[in-house]
Amino acid sequence: MKIKQSALLYQLSIIVSFFTNYELTLLTWLLFLFISIKERYSSTLLRYVAVFSAIAIIGIVSSFFYSYPFFWVIRDLSYFIKPMVGLLLGYQLYRFDSDTAFKVFIKAGFFLAVIHLCLFGYAFLRFRALNMNLIRAEAGFFSDYEVYVLILLIFHEKFELKLSRKKRLFYTWIVGFSCFMYLARTNFIQFAILFLAMKGYFLFTIRNIKILAVLSLSVLLGYSALVYYRPKRNGQGLEGLMYKIKIIPEEAFKTKINKEDWKDFNDNYRSFENILTVKHVTHDSKRAIMFGTGLGSRLNIGQKILTTDGSVIQFIPIVHNGFMTVFLKSGFLGVSLLFIFIYLLFKQKRHPNPLLNNVNLLLMGTGIFLLVSNWVFLGLYFKLDNKSIVIGFLVALRESLLIQQASSERNTIAAEESL
């Protein structure tokens, strides 16, 4: 496959996931996966894929103990293969040197930012107000990929980006403004985690522990001030964001939800899903706790609700929490495997080559962020997620850099021997 074709397919793979059509995204990914097959794959990538394959297989086997409609099983299988498809696709579409790879990576994020800002402008003109909920529903709720691009642009020296200063600043302003205007809490957290990772603060040293302790204390003090400020629930612009930040602890970890109180139910719906999942699995059987209730299983919310895409539902096949979704389908064993993947991603070795080391730091930060992403937005299983492509791409980039370094060392040795 030619470099230009690979670049185009990569950018289309990223952009298609921005739109809320999961079937289109998965079919596009599968098509590109089929036409970009490589002859060799790294052992690292195969380990990552094997983890998600095992989770899916456990879910498939568990479904044999129940009588689910075939369509339900196939639908869940499509969700569970998505991380594998993304990892392989990101790896397969890498056909570049490092300079070209970073340019292709950044341009994909720039295109996303332009699309988002156009939709944002349209939504603002349509509603004539900075109502966060209305604008986000129209223009998009978040974009993890743009945060990755923003991090690369900020740490351009670490990644040896060969962009002119004018172009780099232009990309940074556009992508940065787009990231901010999503007003997405998870993107702010993602940016903070990746920023700290690139600074090397997640490497285990006494200095880093002290720095992280000070930062944690600062966050707690800032959150206390936010609670004292008491932002309004349906506030405009930043006030709406501050309210969403204020309810983070309850929204994610509340153990009792009053379904009759619509504010309590809406604000803490993620916790309600988690409670429902645990009850559903633990009341089934000990086998279900260990291996799940299989692909095709659903949860009964107990009432009809309106989703963000306008549909009315009562039975749901997946929940916002990736750990709970895996627990529902593949049980405790599946969740354990998901944690193993996160650990493998986090456990990156230091490397004397600065560029290789910085790619490892980015992967390490991604592993930490997946703890948050899985808790609130299904992690790599989310319909609109493209982080699996990013991970596959970075693994291929690192492998390419290792090959280049080994080749350079061999040439140096050969030159010295010839003297």
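Two residues are in contact here when heavy atoms of the one lie within 4.5 Å of heavy atoms of the other. In this predicted model, Asn 187 touches Phe 142, Ser 143, Asp 144, Val 147 and Tyr 182, when residues up to four places away in sequence are not counted.

**Placement and burial**

- Asn 187 belongs to helix H9, which covers residues 185-198, and its relative accessible area is 3%; because buried means under 20%, Asn 187 counts as buried.
- Asn 386 is placed in the loop between helix H17 (354-377) and helix H18 (387-418), and with a relative accessible area of 7% Asn 386 is likewise classed as buried.

**Polar contacts of the side chains**

- The side chain of Asn 187 forms a polar contact of 2.8 Å with the side chain of Asp 144, a residue that is also listed among those Asn 187 touches.
- A further polar contact, of 3.2 Å, links the side chain of Asn 187 to that of Gln 190.

- Asn 187 and Tyr 148 stand 39 residues apart along the chain, while their C-alpha atoms are separated by 9.9 Å.

Conventions
Residues are numbered from 1 along each chain as its sequence is written. This is a predicted model: local features need pLDDT of at least 70, side-chain atom pairs count only at pLDDT 80 or more; totals for chains, interfaces and linings use all residues. Side-chain values use heavy atoms; hydrogens and water are left out. Helices (H or I, at least four residues) and strands (E, at least two) are DSSP runs, numbered from the N terminus. Buried means under 20% relative accessible area, exposed over 50%, partly exposed in between (1.4 Å probe, protein chains only). A polar contact is a pair of N or O atoms within 3.5 Å; within protein, one must be able to donate a hydrogen and the other to accept it, and residues adjacent in sequence count only if both atoms are side-chain atoms.
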